[in-house]
Amino acid sequence: MVMKIGNRTFDTEHECYIMGILNVTPDSFSDGGLWNDMERAKQHVAEMIAEGASIIDVGGESTRPGHVQISIEEEIGRVVPVIRMIKENFDIPVSIDSYKSEVVEAALEAGADLVNDIWGFKYDRRVADVTARYHVPCCLMHNRHEPVYENYMEDLLNDLRESVDIALKAGILPEQIILDPGVGFGKNYEHNLIVTNELEKLCALGYPVLLATSRKSMIGLTLDLPSDQRVEGTLVTTVFGVLKGASFIRVHDVKENYRAIKMTQAILAGHKPGSTAL
C-alpha cells in the first residue's frame, strides 16, 4: 500500500518510517520545556531530519497520565507558529498531535499534513469532519478512560474498528488511515506488553500501523529506569514493531531508532526466499 502524506509517498507495505516527536509543551513526561523556544525547535527539527525522521509530529498539550487539559487558544498558540516554521524551512510532512477540532483545523490551515488523534475521533467527532474536509490522512489511536476489558485484544480491535467507521463515514478514504494501538493509554502494564507483542493483529485489520512506545512507562516499569534512560528499551520495542509489521514508529530518539529499523530490515531481507547466501 502506498500512502500520500503531504508531498511524499510512503510505501507502508515494505518500509517502516520514523515519526519524530516535537513537543512544544512545558510539561510533557519526557521532554517538556526543551523545545518551547522557536530557534531550539528549529534546530531539533533539523537534527531529527538529518537522523532519519520522515515525519515531524507536533504536539502542544501533554497527554501524560494526570495531565491538565489546556485551553484551545493556548494549544493553538503553541502549535501553529511551530508548524508554520517547519513548513517554511523544511521539506517534510508535519503531523498535528491533537484531539480538538479547533486546534486541528488551525494546524491544517497552517500547513499540517496529517492528523494524529489520541482518541481515534471519539473525543471530538468534528475532528473527523475537519480531516476529511482538508483531504489529509489520519492516525487513529486506541484509547479508553479506564483499562477495563472483557476480552482485551478483541475489545481493542473492536474499538479501533469503531474509529475507522467514524473516519469512513466522515469521508476519509481507507488509504488515508493509520492505526495506533495506544501503548500507555487506557491500559495497564500488562496490557501494554501484550499489544506490543500482538501488533500483527492490528496489521491484520488492513491499515498501516504506527507504534508509539518511546520512553513510556511500560519501559520504565520493566527496567526500573527514569524517562531519560529508556532508549535501549525503546529500541527493543521498535525492533518488535518492524518484525510485527508496523509501518511507522513514533520516537524521541530518532538516530538510534532509525539504525535499529535499518538493521532489522536488513536481517529480514537477508532471510527472504531467493536471496543469495553470503
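How many cavities of 30 Å³ or more does the structure hold?

A: This is a predicted model, and the structure holds 1 cavity of 30 Å³ or more. About 30 Å³ of space lies in that largest cavity. Its lining is made up of Glu61, Thr63, Glu75, Asp97, Ser98, Tyr99 and Ile118. Sorted by class, 3 of the lining residues are charged, 2 are polar and 2 are nonpolar.

By class, the lining of the second largest pocket has 11 nonpolar, 6 polar and 4 charged residues.

Two packed helices are in general described by the angle between their axes and the distance between the axes. Helix α9 covers residues 231–244 and helix α10 covers residues 254–270; their axes lie 9 Å apart at an angle of about 35°. The crossing of α9 past α10 is right-handed. On the α9 side, the contact is made by Val231, Thr234, Leu235, Thr238, Val239, Val242 and Leu243. On the α10 side, the contact residues are Glu256, Asn257, Ala260, Ile261, Thr264, Gln265 and Leu268. Taken by class, the residues of this contact comprise 8 nonpolar, 5 polar and 1 charged.

The sheet remains to be described. Strands of a sheet pair through backbone hydrogen bonds, either parallel or antiparallel. Here 8 strands form an open sheet with parallel pairing, in the order β8-β7-β6-β5-β4-β3-β10-β9. The edges are held by β8 (177–180) and β9 (210–211); each has a single partner strand, so one side of each is left without a neighbour in the sheet. Within the sheet, strand β6 (residues 114–117) pairs with strand β7 (residues 138–141) in the parallel sense over 3 bridges. Val115 has Cys138 of β7 as its bridge partner.

Definitions and conventions:
Residues numbered from 1 in each chain as written. Predicted model: local features only at pLDDT ≥ 70, side-chain atom pairs only at ≥ 80, totals over all residues. Heavy atoms only, no water. 1 Å grid on protein atoms, 1.4 Å probe; cavity = no way out; pocket = protein on both sides within 12 Å on 5 of 7 lines; lining within 4 Å. Points joined across faces, edges and corners; volume = space filled by probe spheres on them. Nonpolar A, V, L, I, M, F, W, Y, C, P; charged D, E, K, R; others polar. Pairing = 2+ DSSP bridges. Helix = DSSP H or I, 4+ residues; strand = E, 2+ residues; numbered from the N terminus. Axes fitted to C-alpha atoms, helices over the stretch in contact; angles between N-to-C directions. Left-handed = near helix turned anticlockwise from the far one by under 90°. Contact = heavy atoms within 4.5 Å.
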